[in-house]
Amino acid sequence: MKTTKDIMSPLIFATDPNLSIIDAAREIAVRNIGSLLVVVKGKVVGIVTERDILKALGEGMDLKEPISKIMTKDLITAAPDDSITTVKEKMIRANVRHLPVVDENDFPLGIISIRDLLTNL
């Protein structure tokens, strides 16, 4: 049976919480990705997604504000040995399209997207 580590993307695009919303939007667009992990001292502390940026734009936020104001802080994460079924259930319950894959110390190992999941069901 496949696990998270079998289907995750090991390419992690990470930043710190002080990056501006507009710079995060540029980074996401240039890299053609759906999210950025927010990392402090080697640990994942948040995630900012396309949805977060669109919501900030729709609410008229100053796009020079740091992403710490819009990032999701209460993360749902996956462990490298989680089954694909477990990942699917976590995504459905949390209504998310990206799950950071972390070790027991919250060190980022990769990310799994809904696309990764769907292509491996």
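## A hairpin to start with

Strand 4 and strand 5 make a hairpin, with five residues between them, and Asp106 in the turn has a positive phi of about 65°. Helices and strands here are DSSP runs numbered from the N terminus, with at least four residues (H or I) for a helix and at least two (E) for a strand. The model is predicted, so local features need pLDDT of at least 70 and side-chain atom pairs count only at pLDDT 80 or more, while totals for chains, interfaces and linings use all residues. Residues are numbered from 1 along each chain as its sequence is written, and side-chain values use heavy atoms, leaving out hydrogens and water.

You can look for Val101, which stands opposite Gly110 in strand 5, and for Pro100, whose bridge partner in strand 5 is Ile111.

## How covered is the hairpin?

Here "buried" means under 20% relative accessible area, "exposed" means over 50%, and "partly exposed" lies in between (1.4 Å probe, protein chains only). By that rule, five of the five residues of strand 4 are buried. Both of its faces are covered, with His98, Pro100 and Val102 on one side and Leu99 and Val101 on the other. Strand 5 is largely enclosed by the rest of the structure, because five of its six residues are buried.

Asp106 sits in the loop between strand 4 (98-102) and strand 5 (108-113), and it counts as partly exposed because its relative accessibility is 36%.

## Two residues with a positive phi

Most residues other than glycine have a negative phi. Asp106 is not a glycine, yet its phi is positive, at about 65°. Asn32 also has a positive value, with phi near 55°. Where is Asn32 found? Asn32 lies in the loop between helix 2 (21-31) and strand 2. It counts as exposed because its relative accessibility is 70%.

Now turn to an open sheet of three strands, which has the order 1-2-3 and mixed pairing. Strand 1 (14-15) and strand 3 (43-49) stand at the edges, each with a single partner strand, so one side of each has no neighbour in the sheet. Strand 1 and strand 2 run parallel and are joined by two bridges. In this pair, Thr15 has Val38 of strand 2 as its bridge partner.

Ser35 belongs to strand 2 (residues 35-40). Is Ser35 buried or exposed? Ser35 counts as buried, because its relative accessibility is 8%. Leaving aside residues up to four places away in sequence, Ser35 touches Phe13, Ile28, Ile47, Val48, Thr49, His98 and Ile111. A contact means heavy atoms within 4.5 Å.

## On the surface

Ile114, Leu118 and Leu121 make a nonpolar surface patch of about 310 Å². A patch is built from residues with over 30% relative accessible area and no salt bridge, joining like charges within 9 Å and nonpolar side chains (Val, Leu, Ile, Met, Phe, Trp, Tyr) within 5 Å. A salt bridge is a side-chain nitrogen of Lys or Arg within 4 Å of a carboxyl oxygen of Asp or Glu. Ile114 is part of helix 5 (residues 114-118) and is partly exposed, because its relative accessibility is 32%.

Asp6 is in helix 1 (residues 4-7) and is partly exposed, with a relative accessible area of 48%. Asp6 and Lys90 are 84 residues apart in sequence and 17 Å apart in space, C-alpha to C-alpha.

## Stepping back to the whole chain

The protein chain has five helices and five strands, running α-β-α-β-β-α-α-β-β-α from the N terminus on. Its C-alpha trace spans about 45 × 30 × 25 Å along the principal axes. The radius of gyration is 14 Å, which agrees with the value near 14 Å for a compact globule of 121 residues; the radius is taken over C-alpha atoms, and the globule rule is 2.2 Å times the number of residues to the power 0.38.

Of the 121 residues, 40% count as buried. The accessible surface comes to about 7,100 Å², and 52% of it belongs to carbon and sulfur atoms. Such areas come from the Shrake-Rupley method with a 1.4 Å probe, and for residues only the protein chains shown count as cover. Among contacts between residues at least 6 apart in sequence, 55% join residues at least 24 apart.

Definitions and conventions. Two strands pair if DSSP finds at least two bridges between them.
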